[in-house]
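Student: I have a model open and want to learn to read it. Where do we start?

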Amino acid sequence: MENKVDVLLGLQWGDEGKGKIVDVLTPNYDVVARFQGGPNAGHTLEFENQKYVLRSIPSGIFQGDKINIIGNGVVLNPLLFKKEIDELEKSGHPLTERLKISRKAHLILPTHTILDLAYESAKGKNKIGTTGKGIGPTYTDKISRNGLRVGDIEHDFDKKYAKIKQRHLDILQNYDVQYDLDTLEKAWFEGVECLKRFELIDSEHTINGSLKSGKKVLAEGAQGTMLDIDFGSYPFVTSSNTVTAGACSGLGVSPRNIGQVYGIFKAYCTRVGSGPFPTELFNEDGNKMRDNGFEFGSVTGRPRRCGWIDLVALKYAIMINGVTQLIMMKNDVLDDFTKIKVCVAYDVNGKKVEDFPFDINENVTPIFKELKGWNTPLTSIRSEEEFPQELKDYILFLEKELETPIKIISVGPDREQTIFRTV
Ligand code: GDP
Ligand code: IMO
Ligand code: MG
């Protein structure tokens, strides 16, 4: 029987711990493929006392002879890609055989990055708080049919590049923004040379062929459902479909061929950049989450906004993605909390709302249920039997509310700090 693609994706506003869990699950797969996003992502992995942050390269890259694919739905900046490759190779990880790139992935040009900054500064206090990596302008060019693709490197590349660059320079004349394009371009073209070292593929054929021959494929999401271009907190979102449907279009996989959907979330909630966040905390509890969880952006270093878990948003994310199993991360961050709050509904202008609304603006007040904290360190726990009762109660409460089993519990950043539940 033909295999199906399993998908792992974030259910909150990103940074749920996708990188760690993809790495943990990779031994069960032959192929790991990124399906959207670009170097706005920062996926952290820790093992053998080493820490790595991946941006465009899939998180299956460290586990032996697996094939890792950058899919057609991804946007790739050759300059940052080369940096990532150089660093990984320096630390002794051979990549040439393991990594393949879709010809249909779009390229982030240096001018896309400048446009991102120009658009953000023009928005003033309404800015999105993007990662400044040119994501929005690159996807805009893709959709408006003006983009440049990895496969273009093989034909008439300089001419195509020059045409798009000129279009961007014309737009930039309307913005007050300083830039040094020559330096950026030089490094970018070195990156393009680096790209040529890798096999450029029609990844939809590779992936469907792998399924046919009985191989197992894991699709790795970036960002999170609340940053999805259609279903996230628009306009404070990223520019791609971060949801399961994005794996279909971002890899060329039919919906019939989607298998397990792993939805990953933190025991609390974070967000980087601007935009609404109903359960955000501005008090000591929020600061404690940030300090305990080291909640600073892995791409930009910005402090992440922290708050309690939001079940209205989580239920919505589970519905949109068709999540089959849940993965609960960063439980250890709540080790010294005597009380844990869970947002079970919103109060919108005096009305109790449980379906995620069109807008989550200032009229939304979270309604909380309070649970007891466990007040004991979890980081050295390696089996479910050792869980304190309060953690068991928290997990059971969430499973009941979310109507989906929680299969993995994470108690620290390391590969080893991962507990598979047997129930
Ligand atoms: P991703 O973008 O979803 O891959 O997540 P990030 O790597 O941006 O952010 C997750 C952060 O939490 C990283 O620094 C991880 O090393 C760390 N992390 C992952 N799981 C756990 C956990 O269970 N406990 C703690 N304390 N940290 C974790
Ligand atoms: P990973 O994959 C958290 C946020 C930015 C900003 C908004 C739009 O590591 O979970 P963009 O640069 O995409 O145009 O920015 O999306 N954002 C992320 N937040 N984790 C990410 O990725 C993110 N990628 C983008 O902070 O609010
Ligand atoms: Mg991240």
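**Reading the ligand and the charge pairs**

Tutor: Start with ligand 2. A backbone N or O atom of Val 272 lies 3.1 Å from one of the oxygen atoms of ligand 2. This is a predicted model.

Student: How much of the accessible area of ligand 2 does the protein cover?

Tutor: The protein covers 98% of the 550 Å² that ligand 2 has on its own. Thr 238 places a polar side-chain atom 2.6 Å from a ligand 2 oxygen. Asp 15 uses a polar backbone atom, 2.8 Å from an oxygen of ligand 2.

Student: How does the shell around ligand 2 divide into nonpolar, polar and charged residues?

Tutor: Eight are nonpolar, ten polar and three charged.

Student: Which protein donors hold the magnesium ion, ligand 3?

Tutor: Asp 15 (OD) and Gly 42 (O), at 2.1 to 2.2 Å. Asp 15 sits in the loop between β1 and α1, and Gly 42 in the loop between β2 and β3, 27 residues apart. Gly 42 is buried, at 9% relative accessible area.

Student: How do I read a salt bridge?

Tutor: Side chains of opposite charge can pair when their charged atoms come close. The structure holds 22 salt bridges. One of them joins Arg 415 and Asp 23, with the closest N and O atoms 2.7 Å apart. Arg 415 is in the loop between β19 and β20 and Asp 23 is in helix α1, so the pair ties together parts 392 residues apart in sequence.

Student: Is Asp 23 buried or exposed?

Tutor: Buried, at 1% relative accessibility.

Definitions and conventions. Residues numbered from 1 in each chain as written. Chains lettered and ligands numbered in written order. Predicted model: local features only at pLDDT ≥ 70, side-chain atom pairs only at ≥ 80, totals over all residues. Heavy atoms only, no water. Donors = N, O, S within 2.8 Å, 3.2 Å for Na, K, Ca; no water. Helix = DSSP H or I, 4+ residues; strand = E, 2+ residues; numbered from the N terminus. Buried < 20%, exposed > 50% of the residue type's maximum accessible area, 1.4 Å probe, protein only. Polar contact = N/O pair within 3.5 Å; in protein donor to acceptor, adjacent residues only side chain to side chain. Areas by Shrake-Rupley, 256 points an atom, 1.4 Å probe, with all protein chains shown as cover. Nonpolar A, V, L, I, M, F, W, Y, C, P; charged D, E, K, R; others polar. Salt bridge = Lys/Arg side-chain N within 4 Å of Asp/Glu carboxyl O.
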